[in-house]
Amino acid sequence: MFKPQFELFPYQVKGVQDLQHFGGVSLFAGDMGVGKTAQTLSWVRQEWIDASPVLIVAPANAKMVWEDEIKLWLGKRCAVLEGNYKAGKTVLPSAPVWIVNYDVLPSWSEILRKHGFRTVIVDEVHYVKNKESKRYQVLRKALGKFVGRQRDKWIPSIPHRIALSGTPITNRPSELWPTLFLLWPDVFPQPIPYFKRYCRPRWTPWGIKYDGAANLKELHEQLIKLGMIRQRKKECLKNLPPKVRRIIHVDIGSKRKEYEFAKENFLLWLSRKSKVRMRSAKRAEAFTKLGYLLRFVSRAKLRITCEWVSNFLESSDDKLIVFSFNRPAIDALHRHFGPKLSMKIDGSIKKQERRKNVQRFQTDPSCRLALCQGKAAGVALTLTAASDLLMHDYPWSAGDFLQIEDRIHRIGQTKTCFIHCLVAADTIEEKVIHAQRKKMKIIQRILDGDGELSAEQMFQIEQSLVTELAAEIH
């Protein structure tokens with residue numbers, strides 16, 4: 001039997017035992033960096049006769065990570081599915097482990113459902129948080145089928161189903177139902193009863209909204225009994241250095257007047273930029289306005305970010321990571337600091353180049369700056385050569401923010417991690433940061449069962465992000 005080069009930590013051994021206890025049907029909601037991949041593959045290796053063949057569904061930028069980890073922990077061949085399946089042209093692989101990314105899953109779903117997999121590992125399962133999304137519908141089709149006269153009962157075709165995510169909920173409890181349905185369809189067969197019990201519905205002129213939260217302690221206890229494995233770094237990695245967030249307020253200076261004009265006279269301001277954008281913005285003014293204001297602030301802060309990064313590099317020998325959700329900002333920073341001093345990871349970087357860039361940042365002392373675009377670099381990335389991370393701008397969801405922080409705060413880190421948040425004073429960014437903190441409280445109570453909230457606290461937290469920001473834009 002294959003023996004891995006590394007041994008599991010005691011808490012990881014316990015994680016493998018928990019997977020065995022739950023029969024390989026589990027929501028593995030460990031913090032980013034605790035080694036969920038190693039534990040899951042160790043369970044697969046231990047139960048290989050019953051658990052194989054294995055299907056892994058992951059984001060495209062995580063496929064190479066899984067390929068490396070399979071060699072390390074299983075010692076097995078794996079097939080990485082690239083591109084769409086074409087009947088009569090695509091040759092099916094014979095490897096015992098297949099890896100497929102969400103983007104090409106639609107063309108492969110029927111093949112995967114009939115292949116006879118015994119285990120499916122759904123990585124970053126929050127990617128299917130929207131039950132109406134095509135991504136979720138396709139994944140459900142690949143993993144099982146509906147039966148019965150009214151086709152109202154879903155039967156999974158793969159007995160062992162393990163969903164992995166450090167943030168299975170990114171904003172609110174309603175996002176968790178698709179995952180729970182795929183894992184335990186007999187317990188959570190329909191969304192509406194779940195929404196009514198745990199999402200505190202509210203009636204609006206546009207229909208019922210399930211964007212609240214209720215009975216969170218009950219939900220937590222139920223998930224623990226069913227098969228949720230929760231591992232927190234502060235409990236598992238007691239030697240892991242702490243993580244410190246620093247809010248740094250900055251003034252957008254000469255851009256202030258234009259920002260205030262854009263906030264107060266949004267459509268008039270937008271018409272000066274683009275007549276086409278102005279017409280489309282009328283259909284959803286509030287939400288569109290939020291996005292434009294955030295991007296405006298990101299551009300207005302670019303000079304300040306360049307100065308902050310320059311000061312950091314001049315005053316310290318340490319490395320630094322900069323995250324932005326706007327690709328033009330990453331490109332501008334890369335041009336400013338140059339390819340010798342910096343490397344970048346965005347949607348344009350191919351997987352082989354991505355791997356080289358990460359290795360260079362981790363090992364080359366002259367590469368001191370990693371410039372990362374939020375979605376492209378927010379998962380499946382280890383950048384522990386740095387202990388300082390600068391947020392240039394911010395995502396909508398609290399879950400994405402947590403994912404980004406833990407690119408540096410994970411196994412292998414030896415220094416205290418500092419998350420520096422550049423926040424433009426008296427702008428929409430302050431409201432976003434405030435709303436995210438509230439969302440994090442919901443996530444914590446569902447996953448960790450840290451007690452109930454008072455009625456007043458619950459009312460404040462349940463407000464959706466757009467509602468939370470409405471006062472800022474009207």
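Predicted model: local features only at pLDDT ≥ 70, side-chain atom pairs only at ≥ 80, totals over all residues.

Q: Ok, and which residues of α16 are buried?
A: Ala329, Ile330, Asp331, Ala332, Leu333 and Phe337 are buried there.

Q: How do α15 and α16 sit relative to each other, in terms of axes?
A: The axes of α15 (residues 302-315) and α16 (residues 327-337) come within 11 Å, crossing at roughly 45 degrees. That angle makes α15 oblique to α16.

Q: Left-handed or right-handed crossing?
A: Right-handed, for α15 and α16.

Q: Which residues make the contact?
A: From α15 you have Leu302, Thr305, Cys306, Val309, Ser310 and Leu313. On the α16 side, Ala329, Ala332, Leu333, His336 and Phe337 do the touching.

Q: And how does the contact of α15 with α16 split by class?
A: Eight nonpolar residues, three polar and no charged ones.

Q: Now α8 and α9. What angle do they pack at?
A: About 130 degrees, with the axes of α8 (residues 191-198) and α9 (residues 216-226) 9 Å apart. α8 and α9 are therefore oblique to each other.

Q: Which residues are in that contact?
A: α8 brings Tyr194, Arg197 and Tyr198, while α9 brings Leu216, Glu218, Leu219 and Gln222. By class, the contact of α8 with α9 has four nonpolar residues, one polar and two charged.

Q: Switching topic: where does Phe361 lie?
A: In helix α17, which covers residues 351-363.

Q: Why is Phe361 called buried?
A: Because its relative accessible area is 0%, and buried means under 20%.

Q: What does Phe361 touch, leaving out residues up to four places away in sequence?
A: Lys319, Leu320, Ile321, Met343, Cys367, Arg368, Leu369, Ala370, Leu383, Ala385 and Ala386. Take Ala385: it is 24 residues from Phe361 along the chain, and their C-alpha atoms are separated by 7.1 Å.

Q: On to sheets. What's the strand order in the seven-stranded one?
A: It goes β3-β4-β2-β5-β8-β1-β11, an open sheet with parallel pairing. β3 (78-80) and β11 (228-229) are at the edges with a single partner strand each, so one side of each has no neighbour in the sheet.

Q: Which strands does α4 touch?
A: Helix α4 (residues 63-73) packs on that sheet and touches β2, β3, β4, β5 and β8. The direction of α4 makes about 165 degrees with that of β4 (97-101).

Q: How many bridges join β1 to β8?
A: Four, between β1 (residues 25-28) and β8 (residues 160-164), and the two run parallel. As a landmark, Val25 stands opposite Arg161 in β8.

Q: Last one: how many residues of β17 are buried?
A: Seven of the eight, so to speak mostly covered; β17 spans residues 417-424.

Technical notes:
Residues numbered from 1 in each chain as written. Heavy atoms only, no water. Pairing = 2+ DSSP bridges. Contact = heavy atoms within 4.5 Å. Axes fitted to C-alpha atoms, helices over the stretch in contact; angles between N-to-C directions. Parallel < 35°, antiparallel > 145°, perpendicular 65-115°, else oblique. Left-handed = near helix turned anticlockwise from the far one by under 90°. Nonpolar A, V, L, I, M, F, W, Y, C, P; charged D, E, K, R; others polar. Buried < 20%, exposed > 50% of the residue type's maximum accessible area, 1.4 Å probe, protein only.
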